[in-house]
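Here are some notes on side-chain contacts for you to follow on the model. Keep the structure open as you read.

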Amino acid sequence: KSFGTCTLETDEIERDLRRSLPEHPAFQSDTGISALRRVLVAYAYRNPKIGYCQAMNILTSVLLLYAKEEEAFWLLVAVCERMLPDYFNRRIIGALVDQAVFEDLIREYLPQLTEHMTDMTFFSSVSLSWFLTLFVSVLPIESAVNVVDCFFYDGIKAILQLGLAVLDYNLEKLLACKDDAEAVTVLSRFFESVTNKDSPLPPAVQQASGMNENRSPHPRVDITDLIRESSEKYGDIRFEEVESMRRRNRLYVIQTLEITTKQNVLRVVSQDTNISHRNLEELYELFKKEHFLSCYWKPNSPALKHHDASLPYLDQYRIDCQQFRTLYHLLSPWGHCANRDSLALWTFRLLDENVDGLINFKEFASIWDILYHGSFTHKLTLLFKLHIPPAFTEVESLSPLKGAQLSKEELIHFSQLSVSSPEDKDNADVLKASPEKGKGKVDIQAYLKQWQDEILKKEESIKDLPRMNQSQFIQFSKTLYNLFHGDPEEELLFRAIATVTGLLLRMEEVGRKLQSSTSPTRRGASPTVGPAAAEASQKTEDPAAPSSGEGWSFTFEQILASLLNEPALVRFFEKSVDVRAKLEKARATQLKARAGV
């Protein structure tokens, strides 16, 4: 079934095929390369969550030396899915956990080495390839195959024992090292000196894998003796103990990865917002907590599918419209508005540019940057966009008793409702399909193109905004009235918006009269008739002008200019927000609101 498929995984496999044991004759011909390709592609097809990761090619190459293709395939399945769980994915959590276990064992069995090394991360950086490739990438191939045999017999315990034996064998030289680079050199030369007197491999292969043996100051070390020594000295390590240490260290590793994810997300988002780092960090915690609260309160919640650790940092946590509405009520300065559910819905639709029903933290933070730190023009632009497609859609609760409140089902329905043009829909479909979210591996090239488009995107001009039609403007006016309700200057604001509305309607009426008075002259001045004349007339007509057959409409510039004439409206939108108080209240309310306390 996997034969002939072309995916991101198959492209990565093709790049790594020639790097898999290049010194061995079996992989210097198309026969061996083709067998390796078939096994790796078949596994990527079997397990799309893992797909293909580097180091799988090296392990599979060794398996193919001693097993048929189908046997090698099932051995690879056993390694990736049972013997080394969580090793072969983007975050290699399993390998990091076993490295933490290895560090604990070093502290227990080689305390003098721990005291000498000021930073334990040295062992992590050195030993990563030991665990991912079972020493195949550091030992000569004729010696590495013995290690793989021991691994299939004793599991990860064999790798941990051998790692301790390697460090113990080189203990004196490592203690004499002044820096990490010198220690790495000591270990590299030691691995080059390891031989296998009982190796069945051809002499040419052994000679190729030990080309640098003349430069090594180490005496020859037989792999059989090294494995026997590791078993004798560290054989008391029990598998149950290793599993217990794995469970204990797994939480620490995941927490460390989560901290790294958070730091990278905040670093990227902070470049595009004016929100302070402390407040941005609080927003991130609220965003992430809302995701987990949805998972906790509803075990079968779709929110469980929204966290994909294989995605880039920004998209690892995403929330849907329902979760966004909860946060919008807690955080928005406009959260008191009677139609706040509609505002939350329209805001979500505006942010969800790829129309997948989810938004990431960068999109989430952008809206609070405007509401908390935006100017009068920025906030008015946002409010304008919320009342035109693709954000705006007619919203009416199916239950009259709820008023403007929307049920979860209604919210999901309206958030997925398409009101854009067919051309916009086509563009949205393209965006939605690339990069592929939640389908195993991510198309990195698509993400790079997406980021490049964001960098090259010019700042949007208010002249690019479409006109607001009659029904949209009516809803826009209703929203303004709702926003002003309860404000200390409520009466003054109501009078101001009434003045603005009257002014805009008079401007539109004058514009229509001028347009109707000039239209006959323009038509009479042209003696040309027929389709060509109609086409020419359409080309010369102002595209921003309202059609005589449509209801009245307004441009953003007209609305902006009218509102700027009312000082009360300007003061309302430029009113500062106590962001710290807002975030602290949201944090205290979030858990209570979910629990119904």
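**Notes on side-chain contacts**

1. Asp225 and Arg228 are 3 residues apart in helix H13 (residues 223-234), so about one helical turn separates them. This is a predicted model. The two residues form a salt bridge, with the closest N and O atoms 2.9 Å apart. Asp225 is partly exposed at 37% relative accessible area. Arg228 is partly exposed too, at 43%.

2. Look next at helix H5 (residues 93-109). Glu103 and Arg107 sit 4 residues apart there, again about one helical turn. Their salt bridge has its closest N and O atoms 4.0 Å apart. Glu103 is buried, at 13%, whereas Arg107 is partly exposed, at 39%. Both belong to a network of salt bridges that also includes Asp104 and Arg248.

3. Glu14 and Arg37 meet in a salt bridge of 2.5 Å, N to O. Glu14 lies in helix H1 (residues 8-17) and Arg37 in helix H2 (residues 30-46), so the pair ties together parts 23 residues apart in sequence. The whole structure holds 29 salt bridges.

4. Now the rings. The count comes to 34 aromatic pairs. One of them, Phe73 with Trp74, is edge-to-face: 4.9 Å centre to centre, with 80 degrees between the planes. Tyr87 and Phe88 have ring centres 6.2 Å apart and planes at 50 degrees, so that pair is tilted. Tyr87 is buried, with a relative accessible area of 1%. Phe88 is buried as well, at 2%.

5. Finally, find the aromatic cluster. Its members include Tyr284, Phe324, Phe348, Trp368 and Tyr372.

Note on methods
Residues numbered from 1 in each chain as written. Predicted model: local features only at pLDDT ≥ 70, side-chain atom pairs only at ≥ 80, totals over all residues. Heavy atoms only, no water. Phe/Tyr/Trp six-rings, centres within 6.5 Å; stacked < 30°, edge-to-face > 60°. Buried < 20%, exposed > 50% of the residue type's maximum accessible area, 1.4 Å probe, protein only. Salt bridge = Lys/Arg side-chain N within 4 Å of Asp/Glu carboxyl O. Helix = DSSP H or I, 4+ residues; strand = E, 2+ residues; numbered from the N terminus.
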